[in-house]
Structure formats: C-alpha cells, structure tokens
Amino acid sequence: DQDGQSTNLRDQIKCYFPTFSIHFFLLIKRTNEACTNLRPHPLCLSTPRLELKHHLSLKPDFSMDTETSSFETSEMLATFLASTPLLSESWRLCNLANANSPQGFVAEQIGSIGYVAFSGIQSVSGSDPSFKKLVPLPDVGNSMFHPLHPQTEGEEPVLVQGALLRIFENIYKDPSFQSQMQTLMQTSKSIIFTGHSVGGATASLAALSLLSYLQPDISNLSVLCITFGSPLLGNETLSRAILREKWGGKFCHVVSKYDIMPRMLFVPMDPIAPLMKPLLHFWHTYMNSPHFGLLAVPLSDDSMAQIFQHVSFHLGRLVEAGEGAVTGMLRPFGNYFFCSEDGAICVDNAASVVKMMCLLFAMGSPSSSIGDHLKYGDYVGKMSLQFLEKRSFMQGELPESSYEAGVALALQSTGISCKEPIAGPAKDCLKAARRLGRTPNLNCANLAIKLSKINPYRAEIEWYKALCDRSDDQMGYYDSFKQRGASRRDFRVNLNRHKLAQFWDNVINLFESNQLPHDFHRQGKWVNASQFYKLLVEPLDIAEYYRTGMHRSKGHYIDHGRERRYRIFDRWWTERSVRGEGYKRSKFASLTQDTCFWARVEEARDLLDALRSTSDPSHLALLWQKIDNFASVANALVEAKEVSIDVVAKNSSYSLWVKDYNELKSQMVQFRPLFLSFVNEEMVP
C-alpha cells in the first residue's frame, strides 16, 4: 500500500513468495530487468497493547476456517503471535510460575483470554529412571487423552516421557488446579497454556488433555499452547495422532538457536546422567531468581564440553543418517519457532524440525548451549517489537528467483551465512518445510473435479442395481453380484468398484497427510458423497468377500474384512451436524442404510448352520439368542423401510434366511416340551 499498489498485491505475494520470517513477507522491486533491491514489507506489525486487547476481547479465533490446521500455514500462526502480546504475556507468566509458584502453575485471566503457566522448576533429575524411558498415556475408561489413542489394529501405542507425565498428573489432581481451570473455562473465550523448560512439556500435556475433553462441534473455547525451550514429549504415534485430530496448529514451540534442552532427549542419557543434576540445579537456581542466579556456580568447562560434545555427536549422526533417522522413538509435533539474535523462522514439518535442531546446534559452543536456555526473554522481546532490518544481496549473490531469495533471507534470520558449511543442508531443510505443492484448498478443488470424472462409474453401478432389482430371478442387488457370471456387464461393475475404492483411498491419504482443509471431514459435500459411496458399494465388497470364501480363512467381514475407509466414513457421518432427522419413511430406501446388513445376514446364516449341527443345550441357547437378536433387528429395519427393495426380494439371501429361520423356529416350538424335559433331566444331580 505504501507503494500505491492494490491491496491485492499482498495476497499475490503471499501465494507466490514464500517466506519463513515471523514478521514479514517480502516485496520485490525490479529495475532494469534485474532484481536490484529486496526489502521487507511489514504485513503484520506490533499492535499497541490497548488496541489489541480490544480486538482480543472479541475472541481471538485460533480455529479460523483456513487450511491444514487452525492456521493456513505455520507462518500465519507465527505472524499472528509475533504481532500480539501473546508471546510476551506467556513469557511473563512463565517467569512468574518459575519464581512464585509452589503449586507448579499460575493461572491468570486477561480480558477474555485465560493463561495457565507451568513452572519449569520440577524434579526430573537424570537419575530418575522414568526420565529416560517412555510410558503409555493413560487408557483407562474415558481417559483424559482418549482421542489420541490408536484407532487401528497393530498401531504402536502413544508413548510419552514418564517423568513428564507424572509431573502433569500430580498437578492435574490438585484441587486448586481443577478449580481454577473450571473458572477459566467458564469465563474465558480462549485458554493459553504455556511453560518454560520442563513446564513447556507440562503445558503440552495440559493442552492435549483439554482438547481431548472439549467437543469440537459444540465448544466455543479456543486452545493454544506456547512453550519455551521445552524437551521433546512423545513418540511418532503421538505426533501422528495430533495431526489426525488437526491439532498441530494449536502448538507453538519457541526454541533458541543453541538451547540444549529441546535436543537433550534425542541422545542416550546414561553417559551424561551424572552431569544432569548440577546442570538442572544451575538452571533452576537462575530461573527461580535471575539476580541470585548470576551468583550461582555454573558447570565446569570440562563438564559443559562433555555434555555439548555428547549431544552434538549424536545429533550429527541424525543428520548423516538422513530421513530415516527422524522416524525413531521421539518426534516433534506442532510449529517450531527457531529464534536467534538475527530473527526467527517458523517450521512445522517434523523431519525439518529435527534437522534444523541438529544444524543450528552445531554452530554453538558448550557455554552457549547452556546459557541459551535462559535467554528466551530477550528473544521474545525482539520477535514482538523490532523491525526486520533491511537486507540485500551482493550482485554476485543475487538469487535466481523470489523463492530462493526467501530461503536466503530465512537463513539470515537464523544467523546462518550463505558461506557457512551448514548453509546447504539448512536450505534443504527450509525447502522441505515449505509446502511446494498445491495448497489444501486447491487440492480440495482438484478432488471435486476428479469426483465429477468418476461419477459415471458410480452411475453405472446405480444402473446395475436398478436392473438387478427388476430382474425376473428376484435375487436383488447383493445376491446378483455375489452369484455373477463372466458377462461384460458384471466385469465393468466390478472394475468400477475398484476405481471408486482407489479414488476414496486417495482422498483419505490426502486428508490424513494434511493436504486437505482441516474441516474437510465436516464439509457437507464430502460427507454426503462418502456416505452415498459407502451405501452403494460396500454391499458389493461384502458380496465379493463371501463369494471368494475369504470368511473361511480370515473370519467374518465386519471384524476381519471391512476396509478402513468405511470405518472412517462411519465416523464422518456420525460427527456431522444432524438436522431434521427422525422422519418415518413411506417407501423402501433407495439404498440399505446399514451398509453391513448383508454381512450380518451372512453371519446369521452361519449361526443357523451351527444350530443344526450342535446338540449341546447351553450352546443351543446361546445360538438361539444371537439368531433371535438379529431377526428382531432386521425385522425392525424392514418395518421402518430402512432397507432397499432388494433385501425383501423373493430369492434374496435375507428372504431365504427368514424362511429357514421360521421353519427352525416352528420346529423348536413343536419340540420345545421334549427339549425342556431333556434340559431339566440334565440339570438334576
């Protein structure tokens, strides 16, 4: 706007000029067909405190309708935080918790925002065995972390650092904490959890606990977690679960350039365990009272060098090992702000976060790795208040594109010169962290086009169903496909079934890898489309499963053969906003509403066969109970017309089953007196 350009220029720059700086996007001026000057353009400057409080009192929207998480990219979250007092207020309360909180936390409300800060002065010495091992999150009944637990068979459980979990559980059980949290939840529109050092990990667990408790469809309470120099918390399963729940944008981890604490748990702790107690004591003394901490005796030069060399060696091996090394036991989650004297960058790609931690740490020294853990107040002040100074390139260093310019300026913000040995690997990290493909909204639009292209496949299956329902053999849709021959029509229907499955599996992969909007699974168009696909095609999958005899080797379909996509679509349909349901049907549904209905019929057929072949009274009673339950449920669906017309076709599997069931039932009634007499004789001692 200062250059007299249209305000749309900002949007164009945002789309085409990537930046990793927290404060600014860049404008490029071209003179004489060459880029002669690159200067920062403040899109989001520090807002005066009073004016900002007025805006925040309206409810800061940490869950705005953007893209992969609550924010479109990690940069949007970074820009928002750097232009508000949230970082500085969080750090102020962290200092207060470290200095004046025997309970381990402080709670404070500013306007409509509630803050909960956790003390970093907690007992997690290196001699504590649980500090070195991961333990499962509590999973007893409706636990405080229930959405994070694995949702598929065989997935590794969510594991977190044992000592850190115990610290949080002790605070969580404190009646004072429960009381103050209830008050904040009733009086605040947003809650921010924060903490320095170990307190940052406690804040992350508190945020995960509250997010698990809140119902996203009915809660208006926003949650954000801001940590400073926090150690790593959990394993890769935890990171995936946070991505799955779309909570990544709710976590902001501020990490200084050389701070050893966030890197500590990447390395084996045993060799440096004896040195951890004096190190933590020095940190805690300084955090509790910075003025008195200046008099505290730090570690000896030899001890600091030993810790630094140990951590640096193992982090270097991580970089050398490449991508596979960052998929081990511990994995970061959320957004990471790497800050230095020269500025800050924001990265949200877990692999790039790990590599940037390694590369930046390698530039430090033993003393800086210890001292940087205590300098977050200085970095926060610079991030929130200072302008990014004018940066330019020498003519020989002129980047070839605006993208390369953005990467180069990001390196400058971390204090890395282009001539540094690590500049090349650092550039690769930043490029990997930046999403170069389509944005989530564009991916969604592209999917809509692909959906329109596969609609003819779905239409062919609908035509096939209508043809089967009108057929003279009166078998219906399910049984006609199950007993199909080798006709061209049957072949095309089966091929279309596979093509549709491929499309929807790709949709799920895009969604779970955060390449679609965060609310994609709540958008009516896609929820309805996935539900219609499931209603139409899953009966064919069930027919194929039993046609090929898979139930004999794997077990029945519902527990052992059902595709994961159908379970996911069940959850999408259940979580949708329901309006105006409960009406009574006047005719049969076009598609059976219970997509596993035919699988239940197949199980019921096996139960009847088992009934004929057993003579054990207790087993007979159990079989009859299961059969009668199915008969009752199925009859209720038919009476309510919640099934398609093919279910009640004369020669359908269900109609034939009902016929067999009624015959066996009449035989049981006929021989019931003899049966009861036999049972009574068996019961007499």
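## Report on a predicted single-chain model

Setting aside neighbours within four places in sequence, S212 is in contact (heavy atoms within 4.5 Å) with M144, F145, H146, P147 and W247. S212 belongs to helix α7, which covers residues 198-213, and at a relative accessible area of 2% S212 is buried, a term that stands for under 20% relative accessible area, with exposed meaning over 50% and partly exposed the range in between, for a 1.4 Å probe and protein chains only.

The model is predicted, and local features therefore need a pLDDT of at least 70, side-chain atom pairs count only at pLDDT 80 or more, and totals for chains, interfaces and linings use all residues. Residues are numbered from 1 along each chain as its sequence is written, and side-chain values use heavy atoms, with hydrogens and water left out.

### Confidence and overall make-up

The pLDDT, which is the predictor's confidence in each residue on a scale from 0 to 100, averages 78 over the chain, and 74% of the residues score at least 70. In residues 1-72 the pLDDT is below 50, and this stretch has 173 contacts in the model beyond near neighbours in sequence. Residues 386-391 also have a pLDDT below 50, with 18 contacts beyond near neighbours in sequence.

The chain contains 28 helices and 11 strands, taken as DSSP runs numbered from the N terminus (H or I with at least four residues for helices, E with at least two for strands). Of the 685 residues in the chain, 51% are buried. Among contacts with a separation of 6 or more, 76% join residues 24 or more positions apart. The accessible surface, from the Shrake-Rupley method with a 1.4 Å probe, comes to about 32100 Å², and carbon and sulfur atoms hold 53% of that area.

Helix α21 (residues 524-547) has 24 residues, and its first and last C-alpha atoms are 34 Å apart, close to the 34 Å expected at 1.5 Å a residue, where the expected span is 1.5 Å times one less than the number of residues. The helix bends by about 35 degrees at V537, with a proline, P539, following within four residues; the bend is the angle between axes fitted to the seven residues ending at a position and the seven starting there. Because 19 of its 24 residues are buried, α21 is largely enclosed by the rest of the structure. Just after α21, G549 takes a positive phi of about 75 degrees.

H518 lies in the loop between α20 (488-512) and α21 and is buried, with a relative accessible area of 14%.

With 11 of its 12 residues buried, α13 is largely enclosed by the rest of the structure; the buried residues of α13 include A350, V353, M356, C358 and F361.

### Strand β9 and the cysteines

S256 is found in strand β9 (residues 251-256) and counts as buried at 0% relative accessibility. Leaving out residues up to four places away in sequence, S256 touches R263, C339, D372, Y376 and Y379.

With a disulfide defined as a pair of cysteine sulfur atoms within 2.5 Å, the count comes to 0 disulfides. For C225, the closest cysteine sulfur is that of C252, and at 8.6 Å the two are too far apart for a bond. C225 is buried at 0% relative accessibility, and C468 is buried as well, with a relative accessible area of 6%.

Most residues other than glycine have a negative phi. Two residues depart from this pattern, and the table sets out their angles.

| Residue | Phi |
|---|---|
| S197 | positive, about 60 degrees |
| K641 | positive, near 60 degrees |

S197 lies in the loop between β7 (190-196) and α7, and at a relative accessible area of 2% S197 is buried. K641 is placed in the loop between α26 (617-639) and α27 (653-670), where K641 is partly exposed, with a relative accessible area of 26%.
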